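Please read them with the structure open.

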Amino acid sequence: ISDAGSGYVTITNLTRGLRLSATSASYQNRTDVNQVSESAAATNDSQLWIPVTAGNGYVRFVNKQYNMALHVTQDLWSTPTYHDIFNVVIVPPSWNSDEERFKIG
């Protein structure tokens with residue numbers, strides 16, 4: 001996680017060196033949930049996340065471009081091969097669920 005200024009951060013994958021990016025693509029044809037991807041540095045705000053205190057040492061990451069929160073779904077990434085890897089999306093911040101709480105460190 002790197003400081004991007006004005007309270008925002010970027011989240012970069014150690015192995016690939018790619019940044020976590022929010023997208024406008026819907027997730028499972030939902031109008032209120034968008035897909036997340038990794039990509040090289042972008043010129044828009046899709047890779048800027050503001051950590052918001054979520055209590056008990058947790059934060060929620062809200063995307064600057066879409067004003068949506070990073071969220072771990074209950075949907076397995078690939079079945080039946082993987083039993084412990086879940087999809088990551090962005091959702092309206094009003095959901096405010098445990099699936100949006102992350103601990104740094």
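**Notes on side-chain contacts**

1. Start with the charges over rings. Lysine 64 lies over the face of tyrosine 8, at 4.9 Å from the ring centre. Keep in mind throughout that this is a predicted model. Lysine 103 has its charged end over the ring of tyrosine 58, 4.6 Å from the centre of that ring.

2. Aspartate 45 sits in the loop between strand S4 (34-39) and strand S5 (49-55), and lysine 64 in the loop between S6 and strand S7 (69-76), so the bridge ties together parts 19 residues apart in sequence. Aspartate 45 is partly exposed, at 29% relative accessible area. Lysine 64 is partly exposed too, at 38%.

3. How many salt bridges are there by this rule? The count is four. One of them joins the side chains of aspartate 32 and arginine 30, at 3.0 Å from N to O. Aspartate 32 counts as partly exposed, with 24% relative accessibility. Arginine 30 is partly exposed as well, with a relative accessible area of 37%.

4. Look next at the salt bridge between arginine 60 and glutamate 100. Their closest N and O atoms are 2.8 Å apart. Arginine 60 belongs to strand S6 and glutamate 100 to the segment after S8, so this pair ties together parts that are 40 residues apart in sequence. Are these two side chains' residues buried or exposed? Arginine 60 counts as buried at 9% relative accessibility. Glutamate 100 is buried, with a relative accessible area of 0%.

5. Besides the salt bridge with arginine 60, its side chain makes a polar contact of 3.1 Å with the side chain of histidine 71. Which residues does glutamate 100 contact, leaving aside neighbours within four places in sequence? They are Val59, Arg60, Ala69, Leu70, His71, Val91, Pro93 and Trp95.

6. Now the aromatics. The structure holds one aromatic pair. Phenylalanine 61 and phenylalanine 102 form it, with 6.0 Å centre to centre and 55° between the planes, which makes the pair tilted. The pair links distant parts of the chain, 41 residues apart: phenylalanine 61 is in strand S6 (residues 58-63), and phenylalanine 102 is in the segment after strand S8 (86-91). Phenylalanine 61 counts as buried, at 4% relative accessibility. Phenylalanine 102 is partly exposed, at 23%.

7. Phenylalanine 61 is also part of the largest nonpolar core. That core has eleven residues: Val9, Ile11, Leu20, Ala22, Val36, Trp49, Val59, Phe61, Met68, Leu70 and Ile90. Which elements give two or more residues to this core? Strand S3 (19-26) and S6 do.

8. Val59 and Leu70 belong to this core, and both are among the contacts of glutamate 100. Ala22 is another core member. Not counting residues up to four places away in sequence, alanine 22 touches Gln35, Ser46, Trp49, Asn63, Tyr66 and Ile90.

Conventions: Residues numbered from 1 in each chain as written. Predicted model: local features only at pLDDT ≥ 70, side-chain atom pairs only at ≥ 80, totals over all residues. Heavy atoms only, no water. Phe/Tyr/Trp six-rings, centres within 6.5 Å; stacked < 30°, edge-to-face > 60°. Helix = DSSP H or I, 4+ residues; strand = E, 2+ residues; numbered from the N terminus. Buried < 20%, exposed > 50% of the residue type's maximum accessible area, 1.4 Å probe, protein only. Lys NZ or Arg CZ within 6 Å of the ring centre and 35° of its normal. Polar contact = N/O pair within 3.5 Å; in protein donor to acceptor, adjacent residues only side chain to side chain. Contact = heavy atoms within 4.5 Å. Core = buried A, V, L, I, M, F, W, Y, C linked by side-chain atoms within 4.5 Å.
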